[in-house]
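These are my notebook entries on one structure. I set down what I looked up, entry by entry.

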Amino acid sequence: MSTPAVSFEVFPPRSIDASFRLWETAQALAPLAPRFFSVTYGAGGTTRDLTHDAAYTLRKSSGLPVAAHLTCVGATRDETMATARRFAKAGVTDLVALRGDPPEGSDGFTAHPDGFANSVDLIEALAATNLFTLRVGAYPEKHPEAASQAASIDWLKAKIDAGADEAITQFFFEAETFLRFRDDCAKAGINAPVTPGILPVTNWVSARKFAARCGTSVPLWLDQAFETAIRDDRHDLLARAVCTEMCSTLVDEGVENLHFYTLNRPELTREVCHALGVTQAETGVRDVA
Ligand code: FAD
């Protein structure tokens, strides 16, 4: 089996305790020499400054590329572009450009009257700056709002054609789901890399709820396996095994890059990476900014 290249998603901390957790995550995962860390942007654009500060600090302390997520929600075009330029000034060379979700409790996405209408609109404007490597979201089981999987893939093609360099998928629980999607993207003429988003399950009950919200299907066998594992106090053992097996199948099928949703809990991600042959490099986190 060849060794995949990896990248890691983290979220910006909202408390001292969470700041320490992010720091521990960076310390644990930076030595695996990821392609980049990515830092999420709270639903409704609620973490703009925190995302900036976390991305800046991670970039400075790890010396690794950092991708800041950026959404169109709740901001004018000028404000969104000003945020992007602030990221660039902080040394952030990569963005994950998204339409975004509204804050919890709102009904679906409504564009700001002076804002970007959708993700394609945002990507076009960001690509025109020539400042960033641009990544976008992709949905192997179709986005919940998409009319069909074909429409979802056509929309992904529009995002790539607008200037995106790579797509990162929503998480899924079976390798076949991604492999089918990869084939469908290739048939639709999408030539940019499509990187699978991997969720190592640190808590099955939460992962299940999260899956229901995102439209990720949960295979019956996996649900039953976790039920038994939780009963017998072997949740983490199962989580490690299923995630490693799925990643290993992807790599055997020619997948070169894996993007891990770490939820700022690095242990399981690190164990899976080690099992896949991704081991310690010289790089490490230097200091806190
Ligand atoms: P899009 O791909 O633009 O749209 C989603 C779907 O809606 C498309 O598949 C398409 O079928 C349909 N659609 C939308 N507009 C049109 C149109 N005009 N015409 C036709 N079809 C259309 N959310 C956050 O708030 N913060 C984050 O940091 C964040 N990070 C993410 C990272 C990744 C890798 C992924 C996959 C998702 C992330 N999300 C994040 C969630 C994301 O914001 C939601 O899934 C959101 O609902 C869609 O954003 P998008 O840019 O992927 O949307």
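**Entry 1. Lining of the second largest pocket**

I sorted the lining of the second largest pocket by class and recorded nine nonpolar, three polar and one charged residues. The model is a predicted one. I noted a volume of about 290 Å³ for this pocket. Its lining comprises 13 residues, and those nearest the centre are P13, S19, L22, W23 and T57.

**Entry 2. Positive phi outside glycine**

I then turned to backbone angles. D233 is not a glycine, yet I read a positive phi of about 60° for it. I located D233 in the loop between α8 (220–231) and α9 (235–252). Is D233 buried or exposed? Its relative accessibility is 73%, and because exposed means over 50%, D233 counts as exposed.

N264, also a residue other than glycine, has a positive phi near 60°. I placed N264 in the loop between β8 (257–261) and α10 (266–275).

**Entry 3. Aromatic rings**

How many aromatic pairs does a search of the whole structure find? I recorded seven. I examined the pair of F172 and F178: the ring centres are 5.7 Å apart and the planes lie at 20°, so I classed the pair as stacked. The reasoning rests on the cut-off that planes under 30 degrees apart count as stacked.

I checked the accessibility of both partners. F172 has 2% relative accessibility and therefore counts as buried. F178, at 0% relative accessibility, counts as buried.

I also looked up which residues form one aromatic cluster. I listed F171, F173, W204, F210 and F226 as its members.

**Entry 4. A charge over a ring**

Finally, I asked which residue lies over the face of F36. I found R135 there, at 3.8 Å from the ring centre.

Methods. Residues are numbered from 1 along each chain as its sequence is written. This is a predicted model: local features need pLDDT of at least 70, side-chain atom pairs count only at pLDDT 80 or more; totals for chains, interfaces and linings use all residues. Side-chain values use heavy atoms; hydrogens and water are left out. On a 1 Å grid over the protein atoms alone, a cavity is a set of points where a 1.4 Å probe fits but cannot get out, and a pocket is an open set with protein on both sides within 12 Å along at least five of seven lines; lining residues have an atom within 4 Å of a point. Grid points are joined across faces, edges and corners, and a volume is the space filled by probe spheres set on the points. Ala, Val, Leu, Ile, Met, Phe, Trp, Tyr, Cys and Pro count as nonpolar, Asp, Glu, Lys and Arg as charged, and the others, Gly among them, as polar. Helices (H or I, at least four residues) and strands (E, at least two) are DSSP runs, numbered from the N terminus. Buried means under 20% relative accessible area, exposed over 50%, partly exposed in between (1.4 Å probe, protein chains only). Rings of Phe, Tyr and Trp (its six-membered ring) pair if their centres lie within 6.5 Å; planes under 30 degrees apart count as stacked, over 60 as edge-to-face and the rest as tilted. A charge sits over a ring if NZ of Lys or CZ of Arg is within 6 Å of the ring centre and within 35 degrees of the ring normal.
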